Amino acid sequence: MKRICSMLLMLGTLLLANSAAHAQDKAQPVKIIFDTDIEADVDDVGAVAVLHALANRGEAEILAMGISAKHEWCGPCLDALNTYFGRPDVPIGVLKGPGSKNDSKYCRKIAEEFPHDLKKPEDAPDAVEVYRRVLSKQPDQSVVMVSVGFLTNFANLIESKADVHCSLSGVELVKQKVKAWVCMGAQYPKGKEWNIHQDAKSSITAVKNWPTPIVWSGFEIGVVIETGAGLSAVPKESPVRRGYELYNGLKNRSSWDQTAVLYAVRGWNGGLKDVWDVGTGGYIQINADGTNTWVADPNGKHSYLIAKLPPKEVAQRIEALMLELPKK
């Protein structure tokens, strides 16, 4: 009898495992709009690589990308990365109005050395126009927006008016079409983080008026997760490898932006419970000087990632995605 029970238990376990695998196979890819300040730091390049790897696996659908920085080679660089990964037609929008501009060690070189179509920023549409057009065509509450840079585009989207693509205001459009915003920014429980304070006014506008839940991957999460050195094993034809080579000679770098992308795709539905816990019950308040504070509030729609898995193990998972080559 014990032997029969044991066999039945094993059979049940196998059936459950097969059922879970089958359900995963049938899971719909997460619809992603990705906003980046691909300019000063190189983790943006790593984040783009992670997003394309997840899309190659059928876990993500890349709807559009936007650039929140003003460097003139940001757009061509991002387009070169998308082209390398076999998605040259991903819509790219750029920041047309005022914004932050910083030096880049890699943007121009990648744009000059790798194929792409977008030659200069003025050839690309406004990011807000791209976001409104793309969002208007999506099912209600189906899109996860992820930002790994300044919040300028998100503030402009929130303040946008009805246009030829949609009769809704920016707030109404986001509320109707967006499931959540995953933001690499701020610091828990308080601090002053680059993405937030570089354009503090826009950060305040975007965060204060955003109508959906926001999940924060704070400075403290990514700073201890180091990736990039493994790219030395990738062919030299890779612009991801080239980006890290130009930035720091193919050494490891903190992985702030990659954490937000990974959570946006795998974590929102509970798929990363072994990696991060999630703190809730409040909201991030952005102050006029760009500092931030967590405010406890049972009605708050914000949450923040809490480190759980050792950083080296998280880094291994992220870098494995960064090393993936284009899908043939």
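Me: Where is Pro189 found, and between which strands?

Reply: Pro189 sits in the loop that runs between β5 and β6 (190-192), helices (H or I, at least four residues) and strands (E, at least two) being DSSP runs numbered from the N terminus. The peptide bond from Tyr188 to Pro189 is cis, with omega near 0°. The model is predicted, and local features need pLDDT of at least 70 and side-chain atom pairs pLDDT 80 or more, whereas totals for chains, interfaces and linings use all residues. Residues are numbered from 1 along each chain as its sequence is written, and side-chain values use heavy atoms, with hydrogens and water left out.

Me: Why is Ala180 called buried?

Reply: Ala180, which is found in strand β5 (residues 178-184), has a relative accessible area of 0%. Buried means under 20%, exposed over 50% and partly exposed in between (1.4 Å probe, protein chains only), so Ala180 counts as buried. Leaving aside residues up to four places away in sequence, Ala180 touches Val143, Val144, Met145, Thr212, Pro213 and Trp268, where contact means heavy atoms within 4.5 Å.

Me: What makes Lys137 an exposed residue?

Reply: The relative accessible area of Lys137 is 63%, a value over the 50% limit, and Lys137 is therefore exposed. Lys137 belongs to the loop between α5 (127-136) and β4 (143-147). Gln141 lies in that loop between α5 and β4 too, and at 53% relative accessibility Gln141 also counts as exposed. Phi of Gln141 is near 50°, a positive value in a residue other than glycine.

Me: Why does Leu250 count as buried?

Reply: Leu250 has a relative accessible area of 15%, which is under the 20% limit, so Leu250 is buried. Leu250 is found in the loop between α11 and β9 (253-254), and its phi, near 65°, is positive although the residue is not glycine.

Me: How do you know that α2 and α13 are roughly perpendicular to each other?

Reply: The axes of helix α2 (residues 43-56) and helix α13 (residues 311-322) cross at roughly 75° and come within 7 Å; such axes are lines fitted to C-alpha atoms, for helices over the stretch in contact, and angles run from 0 to 180 degrees between N-to-C directions. Angles under 35 degrees count as roughly parallel, over 145 as roughly antiparallel, 65 to 115 as roughly perpendicular and the rest as oblique, and α2 and α13 are therefore roughly perpendicular. Gly46, Ala49, Val50, Ala53 and Leu54 in α2 meet Ile318, Leu321 and Met322 in α13.

Me: What puts the buried residues of α13 on the same side?

Reply: The buried residues of α13 are Val314, Ala315, Ile318, Glu319, Leu321 and Met322. They cover an arc of only 150° around the axis, which puts them on the same side of α13, the arc being that of the directions from the helix axis to the C-beta atoms. Lys312 and Gln316, which are exposed, are carried on the face of α13 turned away from its buried side.

Me: What makes α3 mostly covered?

Reply: In helix α3 (residues 74-84), 9 of the 11 residues are buried, among them Cys74, Pro76, Leu78 and Leu81. The elements covering the buried residues of α3 include β1 (30-36), α2, β2 (60-67) and α11.
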